[in-house]
2 protein chains.
Amino acid sequence: MLDKSKQLTASLSLVNDRLLFEGSVEGNSSVAIDYIPPFGDNLGYTSLELMLLSLSSCVGTALLVLLRRGGKTIEKFSIKSEGIRREVHPTAFEEIHLNIEIKAANLTSPEFEKALTLIENICPVWYMIKGSTKVVFHYKIED
Amino acid sequence: MLDKSKQLTASLSLVNDRLLFEGSVEGNSSVAIDYIPPFGDNLGYTSLELMLLSLSSCVGTALLVLLRRGGKTIEKFSIKSEGIRREVHPTAFEEIHLNIEIKAANLTSPEFEKALTLIENICPVWYMIKGSTKVVFHYKIED
């Protein structure tokens, strides 16, 4: 069996005569992936939406591991992400905004901001895109 | 409504007391996202597996649009992707291999290789990671 700490795999197959793909990794439900009209038909996630989920889950994972290590119990956690595309090709994200909402007893803003600075060294997806894309964090700590 | 050619959004919520997230984009089935043990429980895609699907679908979309513009009818198309992680933190991919299989009447290797060189300027996800990650293409044209 694959050691996922070293190597990961995924499969993609075209499933119609346009741009609808089925993406999968063994053991998981498949993901419908498509592109926007006129080339595609909006029948699934776009590649860049999967990139947003990849980045936000990576950031979320790193933050939760760090905060729990600091003794915090997380009651609620969510990230809404928003990517702004370049106007020229390739129409990559020039900026991604991550809007984080968190509820955890006794969590202070300085503690959360410290965690945000620390994850830069442990979040692989952020590391992979930071040469090309500015990532901006916004956060709200719920009572 | 959001103009997806300019701006994209996605949502992520923590759904257990470990690292299981539900990721979603309006209009699509949600995606289970988790991390590997000991921190997570392997109950969904990892962030880096979503990155592989993001990259491979972006490359696939760009290739199919180009080849169809050149008059090719695509009969079969798939990409198996494999990402090799760094051994130090952040454990990002240092290399991604994309194994492409395609069936299209009268498609020659030189035509396919030309398409591979052209997509570099139109595939946003590849553009976003190429400063940090080497992407290696392998392909097989089926008869």
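Student: Which residue is the bridge partner of Ile74(A) in S5(A)?
Tutor: Ala104(A) is the bridge partner. This is a predicted model, in which local features need pLDDT of at least 70 and side-chain atom pairs count only at pLDDT 80 or more, while totals for chains, interfaces and linings use all residues. Residues are numbered from 1 along each chain as its sequence is written, and chains are lettered from A and ligands numbered from 1 in the order in which they are written.

Student: What makes S4(A) and S5(A) a pair?
Tutor: Two strands pair if DSSP finds at least two bridges between them. Strand S4 (residues 74-85) and strand S5 (residues 93-104) of chain A have 11 bridges, in the antiparallel sense, so they pair. Strands here are DSSP runs (E, at least two residues), as helices are (H or I, at least four), numbered from the N terminus.

Student: Which strand of chain B is joined to S4(A)?
Tutor: S1(B), residues 7-14, is joined to S4(A) by 7 bridges and runs antiparallel to it. In S1(B), Thr9(B) stands opposite Glu82(A).

Student: Why is H1(A) called mostly covered?
Tutor: A residue is buried if 20 or more other C-beta atoms, placed from the backbone, lie within 10 Å of its own, exposed if 12 or fewer, and partly exposed in between. In H1(A), 19 of the 23 residues are buried.

Student: What is the relation between chain A and chain B?
Tutor: Superposing chain A on chain B takes a rotation of 180 degrees with 0.0 Å of shift along the axis (RMSD 0.0 Å), which means a two-fold axis.

Notes
Least-squares fit on C-alpha atoms with pLDDT ≥ 70 in both.
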